[in-house]
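I opened the model to look up its fold and its nonpolar packing. My entries are below.

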Amino acid sequence: MAILQYREALRAAMTEEMERDERVFLMGEEVAEYNGAYKVSEGMLEKFGPKRIIDTPISENGFCGLGVGAAMNGLRPIIEFMTFNFSFVAIDQIINNAAKIRYMSGGQFKVPIVFRGANGAAGQLAATHNTSTESIYSTVPGLKVITPSNPDDAKGLLKSAIRDDNPVLFMESEVMFGMKGEVSDAEDYIIPIGKARIAREGTDVTIVAHSKSYWIAMKVAERLEYEGYSAEVIDPRTIRPLDIDTIVESIKKTNRCVIIDESNPFASISSEMTYQIQERAFDHLDAPIVRITAKDVPAPYAKNLIEYYMPQEEDAYQACKRVMYVQ
Amino acid sequence: MAKLTRKPATKKAPAKKRATKSQADSDAQGGVIPDKLSLTVDFATYPAGKYSHTDCDLSEDQVLGMYRNMLLQRRFEERAAQMYGKQKIAGFLHLYIGQEAISTGTATAINIGQDSVITAYRDHGHGLALGMSPNEGMAEMFGKVGGCSRGKGGSMHFFSKEKGLFGGHGIVGAHVPVGVGIAFGHKYKESGGVAIAFYGDGAVGQGAIHEAANLMSVYELPAILVVENNQYAMGTSIHRAFGQTEFSHHSVAYDVKGAVVDGMDVFAVCKAMQDHVALARENKPTMMEIRTYRYRGHSMSDPQKYRTKEELESKKNEDPIIRLKAYILENKITNDDALDAIDDDVKKEVMASVEFAENSPAPELSEIYDNVYDEADYPYLS
């Protein structure tokens with residue numbers, strides 16, 4: 001095992017896949033000469049040259065559409081969003097073109113493309129720069145959505161995403177780029193898309209959490225363990241397709257579920273999970289499912305307000321005790 | 001050559017040179033802003049009647065092939081309109097009638113299979129010009145599995161990977177950056193191919209067009225952006241929608257060559273395309289305005305109150321098929337009887353396509369889940 005930062009794991013994945021396949025290229029704002037706005041692509045221009053590491057003007061609609069066309073014409077683009085907040089400028093390319101062209105062409109054209117970049121809130125950036133977009137994109141058939149919570153998943157899943165023949169939205173996090181963690185040094189390390197990870201086994205309550213909410217879940221599980229309760233933590237890793245089987249199997253064991261989701265709550269990941277769980281495991285639930293989400297407001301700027309906006313560890317902890325009826 | 005003069009603007013020069021030059025100028029003058037700026041730009045023009053088939057290196061057989069191809073588009077769409085009336089075709093149906101010289105002129109000028117074409121929803125003409133069969137076109141509109149997109153796309157979404165037709169796209173302007181990406185793919189793979197992206201005058205107001213133009217310029221891609229200016233975006237005349245209705249002028253903003261073409265003359269289109277495809281093969285992107293006219297409404301539900309009957313009648317004298325027919329007879333390439341025989345043959349082919357579409361089965365309900373993803377087990381109901 002090597003210890004890598006999250007950004008280094010992403011870079012390793014892209015580098016390995018670009019070495020493996022000439023058709024893969026990286027395009028986005030500041031990815032080349034600036035070495036990446038968050039230094040994810042640092043050194044890649046030097047290694048691969050300007051044909052394959054390509055700076056763009058601030059023109060998301062244009063270069064995302066370019067990526068779709070390049071993918072239709074046999075290439076495998078990685079399109080970097082400085083953050084997914086800016087993907088909304090290009091949402092037409094993602095939802096109408098990337099996701100639908102295979103279907104509308106009766107399978108004649110595939111669109112093997114990865115859109116990747118930071119997603120979710122990252123502090124006092126106010127409303128336009130703090131969006132958790134995974135709920136929005138996960139509603140669209142034709143797209144895959146991946147939200148790795150740690151460097152190991154970031155590497156293994158990004159390699160899978162680049163090899164995938166579908167459009168994949170790969171959502172990272174500004175506040176996790178510097179996070180260090182063990183990353184498998186197995187040669188050609190691949191994690192399959194659509195498989196959840198049971199991060200911690202337990203028997204009393206299931207906590208489901210993706211991306212940086214996963215780390216809240218792990219802290220809550222530690223606190224509960226200290227008090228003698230055993231929480232099972234599941235990181236779905238992929239939002240679409242969702243590994244609902246793993247979640248349901250866990251709930252059949254624990255009979256209780258708390259979901260931590262950084263999205264705004266209405267029609268979100270947590271609401272979809274809640275529906276699917278009740279559909280498949282209604283008789284196994286001993287308590288209503290509780291979800292802890294961002295507040296149902298645009299993200300505010302003020303320090304106390306943005307902290308309050310985010311899913312709270314304390315709320316998640318109390319929710320677990322509530323569903324276990326031990327409050 | 002048309003000339004454009006306007007101010008203020010900067011001198012036309014390659015970006016890097018321009019920066020150096022203006023720096024030198026400002027140093028000499030001791031300031032950044034000169035007293036006056038002006039711009040003179042030369043545009044290539046391709047007027048009707050200027051080019052013969054020999055100017056385009058076309059044989060007489062090829063000319064007759066073009067005539068047949070344009071007639072095929074015309075008769076196919078006339079029949080499609082009838083089938084729409086009989087409710088065999090549903091959804092939106094946008095006819096290309098009047099614009100056939102553009103699709104045929106283009107298809108004649110490119111290497112079909114190597115080169116790529118992408119267009120908007122008025123796509124039947126481009127499909128048939130590139131060699132898509134009327135059968136798969138008609139069956140697609142009938143919503144049958146024999147259609148080019150297996151009945152999943154309909155009239156607005158014709159695709160043919162084999163012929164290099166990358167769609168058939170329903171969102172105005174959104175396919176133009178995709179077209180530039182196809183060109184990017186050609187350059188990256190060194191395939192020698194070029195990509196031509198067609199859009200209507202209505203799309204000119206979309207930001208996507210302008211982002212695409214900028215990207216093809218800055219990356220020097222083998223791309224041609226072509227606005228088929230039929231003068232009406234649905235019911236809105238270009239004069240009510242755009243500050244600059246001379247769309248060719250947009251090429252100036254993106255530092256690429258521009259041209260204006262009469263789209264009612266198939267040889268003007270063919271010559272323009274030959275010239276601009278040659279530039280694209282050297283990774284010199286261009287923008288082209290082709291002036292044309294659609295004789296039918298925007299779609300089947302269009303009462304056409306935005307234009308006068310007189311205007312429509314006057315434009316009918318410019319019909320590109322009638323023009324080509326006159327050219328063929330005038331140049332004694334063949335006689336009236338032979339042209340009538342071509343028409344009869346085309347009509348039969350179109351009728352056969354209706355029969356094919358009728359007899360092609362509707363998709364199985366299970367096909368609804370096919371081709372959403374690459375994987376066959378969607379919707380992953382394990």
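These notes go from chain A as a whole to the cores.

I note that this is a predicted model, where local features need pLDDT of at least 70, side-chain atom pairs count only at pLDDT 80 or more, and totals for chains, interfaces and linings use all residues. Residues are numbered from 1 along each chain as its sequence is written, and chains are lettered from A and ligands numbered from 1 in the order in which they are written.

I looked up the secondary structure of chain A and found twelve helices and 14 strands (DSSP runs numbered from the N terminus: helices are H or I, at least four residues; strands are E, at least two). The radius of gyration of chain A is 20 Å, close to the 20 Å from the globule rule for 327 residues, so chain A is as compact as a globular protein of that length (taken over C-alpha atoms; the rule is 2.2 Å times the number of residues to the power 0.38).

I checked burial next: 58% of the 327 residues in chain A are buried (20 or more other C-beta atoms within 10 Å of the residue's own, with C-beta atoms placed from the backbone).

I then turned to the cores (buried Ala, Val, Leu, Ile, Met, Phe, Trp, Tyr and Cys residues joined through C-beta atoms within 7 Å). The largest has 196 residues, and Ile207(A) and Ala197(B) are among those with the most contacts inside it. Helix α2 (residues 60-85) of chain B gives this core its largest share, nine residues. A second, separate core has six residues, including Tyr309(A) and Met310(A).

How values were computed:
A residue is buried if 20 or more other C-beta atoms lie within 10 Å of its own, exposed if 12 or fewer, and partly exposed in between; C-beta atoms are placed from the backbone.
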